[in-house]
Every structure is written in structure tokens, then in C-alpha cells.
Amino acid sequence: MVVTAFLHGLVALLVAPALVGLIRWVKARLQSRRGAAPWQPYRELAKLLRKERVVSQHASWVFRVTPYILFGTTLVVSCLIPTVLAPTGVQVFGDLIAVVYLLILGTFWLALAGLDPGSAFGGMGSSREMTVAALTEPTMAIAIFALALPAGSTDLGQIVRRTLEMPTSALGPGHVLAFAALFIVTLAESGRLPVDNPSTHLELTMIHEAMVLEYSGPYLALVEWASALKLFVFCVLLANLFVPWGVALSANPTAIVVGIAAVLLKVAVIAVALAVFETRVAKLRLFRVPELLSASFVLSVVAVVSAFLGR
Amino acid sequence: MEAAFPQLCILGASAVLLAAIIPLWRRHVPAYIVAFQWQSFALAFVTALVGYMAHIRELYIVAALIVAIRGMLFVRLLRKLQARVGEITELKPLVNIPTSLLIAATLVVIAYAATRPAVLVASSPTRGAMPLAIAVILVSMFTVASRKTAIGQVIGFLMLENGIALLSAVASYGVPLTVELGLFLDALLGFLVMQILVFHIHDAFDTTDVEQLSRLKH
């Protein structure tokens with residue numbers, strides 16, 4: 001069980017930067033640019049880790065400790081979710097509620113760190129991030145609850161196994177609507193268009209970048225790596241909870257290799273879909289973001305209602 | 001394969017419901033028309049599926065008619081109407097967007113709660129889609145009530161008709177073909193009358209904002 005968690009964490013750590021790189025590369029190609037190679041984020045991380053850290057003299061311990069907390073919680077989440085393996089009979093890890101709360105814990109500390117150095121941008125970013133997070137976190141929990149209800153358990157591995165046992169349930173309204181809701185949440189939580197633009201530092205529009213503006217060197221590397229991990233976590237949740245085929249049910253070597261190949265393929269498909277989607281849409285005005293998020297909230301509520309009452 | 005039919009049917013009905021929610025979310029009138037078109041296609045899909053499942057040939061004809069009349073003819077007429085009236089964005093609706101979305105969610109819950117007894121006694125494989133059909137009707141009624149421009153209200157009314165057609169398909173495997181044809185005619189006539197009214201309102205007031213109609217009182 002510990003080995004499973006370790007494997008999941010390791011896969012996430014290694015693959016997450018490439019996922020970000022892949023999205024950037026596909027977007028660049030779609031915009032007729034050559035674009036940096038998909039493994040560019042590894043080079044950036046390596047370079048940032050070698051640089052010195054510059055910390056504002058007004059910053060307190062909150063600012064220094066946040067990158068570690070953010071990275072730690074996100075890494076723990078990526079250990080908990082059924083990335084490659086969903087072994088039967090293991091109930092201890094992979095609980096939905098733990099995943100949601102650990103993610104919001106990281107967001108909470110990052111918002112604190114944005115406020116801490118007292119810069120105007122940081123505070124603006126934090127307040128925006130909290131506005132978005134207050135709407136996305138319940139949506140995410142409710143969307144996954146729509147899957148947890150038929151499975152009879154909040155254990156993510158159990159949800160995966162139940163869908164594998166009853167393949168037709170993947171066509172049910174609970175599944176499809178919850179997928180749409182979680183997709184919108186993924187866009188908002190990982191700071192993608194149309195909620196936030198990950199590739200600009202334009203002060204009027206940025207959310208995530210505004211919060212991390214004060215970070216430099218290894219701190220910035222950790223924050224960037226953590227946000228890549230978060231994107232990977234959401235992509236894996238989208239891939240494995242809704243289309244769980246390929247997830248290994250037992251820990252034999254071939255199943256694990258198939259599991260890794262399947263999850264990489266599915267995440268790559270989602271990454272390309274994200275890139276195409278980001279190229280097609282324009283950023284929403286900040287005041288219209290709650291409209292998008294309440295639409296995804298409605299989707300998840302309808303999903304959970306039809307999962308609960310439509311049985 | 002047999003087990004997938006009820007799921008596919010519910011999936012189609014969910015798509016119809018999703019399309020009914022889109023006018024509450026978007027401000028762009030052409031997006032309403034596209035939503036109505038997709039809703040009609042989803043409705044035709046469900047109708048054809050029910051026809052296949054229950055071996056009723058007539059439902060194929062109904063599905064083809066839905067695609068031709070609702071999915072193509074009405075959409076063309078709506079586009080023409082919109083081009084002539086020239087209103088691209090819905091005016092500020094009476095209820096703001098997040099609230100109307102939350103109201104839509106409440107209406108869906110109410111639809112599920114209200115149809116629960118009927119779903120429990122029904123034995124047809126399509127019974128799972130009945131609450132969704134009721135939800136489409138309720139949400140479309142809310143669209144009609146909360147939009148200010150006449151064109152938004154017309155689309156809400158057409159979506160309401162779609163919801164009724166969906167309910168008849170999933171609850172009783174459709175109605176006899178003559179009744180179905182009568183319904184089409186009814187919707188078409190209703191639409192044409194509304195179109196003329198919209199033109200008149202637009203000519204008289206230079207807008208289809210129905211609030212302006214209160215000026216007639218003075």
C-alpha cells in the first residue's frame with residue numbers, strides 16, 4: 001500500500017512538468033509558433049533550483065514556509081489518487097474528502113503568502129483566488145460525490161472499481177454532467193483560460209501569477225512544480241474517475257506497466273483537449289467568472305441529484 | 001447492449017436539459033439558437049432511441065420530423081428573425097445569471113422530487129428520463145419568465161415544446177402520429193404568430209424589450 005502511494009507520487013512528480021510543457025507546446029503549434037519543447041519546464045525547474053532566493057524584508061515565516069506546505073500537500077494528494085493502481089481491499093487511502101481538503105489547504109497557504117509581503121499585486125491575487133476557490137472547491141466535492149453515491153463509498157479506488165464493474169454507468173447523467181463540472185473546475189483551479197491566463201503577467205487579469213509574483217529561486221521552483229502537480233492531479237481525476245479503463249486492479253508488473261501507459265495516454269489526450277480549448281476561448285472578464293463557476297456548480301448539483309434520486 | 005439503452009436515453013435527456021440551461025447562462029442570442037438546435041437534435045436522438053427500443057416505426061418518422069422542422073426550419077426562421085431584429089445580446093435579464101442558474105438547479109431538484117412517485121411505479125426502461133423531461137419544462141418556463149427580449153422568450157417557448165415532446169417520448173413512447181403532427185403544426189403556427197408579433201414590436205419600439213410594452217398603457 002505504501003509502495004502504491006510511493007509509485008503514484010513518483011509518477012506524478014516526474015510527469016507533471018512535462019504535462020505543462022505539452023500544453024504549452026500544443027498551444028504554440030496551434031498559434032503557428034514553434035514553441036519550446038515539451039520538456040522545457042524541467043530545464044526551468046532545474047535552473048530555478050540553482051538560483052538564490054530573494055525574500056522581501058517585510059515577509060514573515062508564512063512566506064518562507066508556504067512553498068513547502070503547498071508542494072507537500074499537493075504531493076500527498078497525488079499519492080492518494082488512483083493514478084495507476086486501484087487495488088481491491090485497500091480502504092485506507094484515497095479518500096475524496098482528504099483530497100479536497102488537502103488541495104484547499106495548499107490554496108489557503110498560498111493565499112496567505114500572497115498577502116504576507118504586503119505587495120499590492122499579491123493581495124489582489126489572493127482575494128481573487130479565494131473568490132474562485134470558494135466556488136470551485138464545493139463544485140469539485142459535489143461532482144465527485146455524484147460518482148461516490150452509486151459506488152457507495154467516498155474511496156476513490158472504490159469509485160474506479162465500481163465503474164470498471166458496471167461499464168454502462170459511465171454513460172449515466174451523473175457521470176457525464178459531473179465530468180463537465182469537473183472539467184470547468186480543472187480550468188479554474190489550475191489557472192487556465194478562460195478563468196486565468198497562465199502565460200501572462202498582465203496585472204489586471206492575473207490570479208495565480210499575482211500571488212506568486214514575490215517568489216524567486218527554489219521557492220518559485222517549488223510553487224511552479226506544485227501547480228504543475230495540481231494540474232496533473234485534476235487531469236488524472238478526470239481521466240481515471242470517468243474513464244477508468246486501464247487502471248491496474250492488482251499489483252502484478254504487466255498490469256502496472258499497462259496502467260502507467262494508459263494514464264499517460266489519457267492525460268496526454270486531456271492535455272491536448274485543454275490546449276485546443278484554451279486556444280479557442282477568450283479570457284472571461286473577472287466579474288463573469290462567477291457565472292461560469294456557478295454554471296459548473298449547477299452541473300454538479302444536477303449530477304448528484306440524478307445520481308441520488310435517479311437510481 | 002440492452003443494459004446501455006436506458007443509460008443512453010437518460011444521457012440524451014440530460015443533453016436536452018443542458019441545452020435548456022444554456023440560455024440562462026449565456027447573453028449571446030446566437031448561442032441561444034445554437035443551443036435550441038442541439039436540443040432538437042438530442043430530442044430526435046432520444047425519440048429514435050425509444051423507437052428502436054420499443055420497436056415503434058412511427059417514432060423514426062417523428063425523429064426525422066424533429067430534425068427537419070425543429071432542428072432546421074425553426075433554426076433558420078430564428079436566425080432570420082434575429083438578423084432582422086438585430087439584437088445580438090440579451091438585455092439585462094430580470095434575474096441575474098448566477099441566481100438564475102441556482103434557480104434552475106432548484107427546479108431540477110423539484111422536478112426529481114415531484115416525479116419520484118411516478119418513476120417508482122413506472123416499469124418502462126425509459127422511466128429514468130422522466131424527471132429530466134419535467135425539469136426541461138420547468139427550466140424553459142423560467143427562461144420565458146425571466147428574459148426581457150421577445151426573441152429570448154420565443155426560444156424559451158420552443159424549448160418548452162421540446163420538453164413536452166421529450167416527456168411524451170419517454171413516458172408513453174410517444175403519442176399517435178396524427179397527434180404528433182398536430183403538435184408540430186401547433187408549434188409552427190405559434191412560432192409564426194410570435195414572429196409577426198416580434199416584428200411589430202420591433203417596428204413600433206425599435207427594440208424587442210418587452211418592458212417597453214408597458215408604455216402602451218399611457
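A nonpolar core is a set of buried Ala, Val, Leu, Ile, Met, Phe, Trp, Tyr and Cys residues joined through C-beta atoms within 7 Å. A residue is buried if 20 or more other C-beta atoms, placed from the backbone, lie within 10 Å of its own.

Colleagues, the model is predicted: local features need pLDDT of at least 70, side-chain atom pairs count only at pLDDT 80 or more, and totals for chains, interfaces and linings use all residues. Residues are numbered from 1 along each chain as its sequence is written, while chains are lettered from A and ligands numbered from 1 in the order in which they are written.

The largest nonpolar core holds 167 residues, and among those touching the most other members are Leu19(A), Phe232(A) and Val46(B). Helix 9 of chain A, residues 217-242, contributes the most to this core, with 19 residues. Helices here are DSSP runs of H or I of at least four residues, and strands are runs of E of at least two, numbered from the N terminus.

With residues up to four places away in sequence left out, Leu19(A) touches Ala228(A), Leu231(A), Phe232(A), Cys235(A), Val267(A) and Ala271(A); contact requires C-beta atoms, placed from the backbone, within 7 Å.

I turn to chain A overall. The chain has 11 helices and zero strands, and 52% of its 311 residues count as buried. Among contacts in chain A between residues at least 6 apart in sequence, 80% join residues at least 24 apart.

Finally, Gly152(A), whose phi is positive, near 70 degrees, follows helix 5 of chain A.

Definitions and conventions. Buried ≥ 20, exposed ≤ 12 C-beta atoms within 10 Å, placed from the backbone. Contact = placed C-beta atoms within 7 Å.
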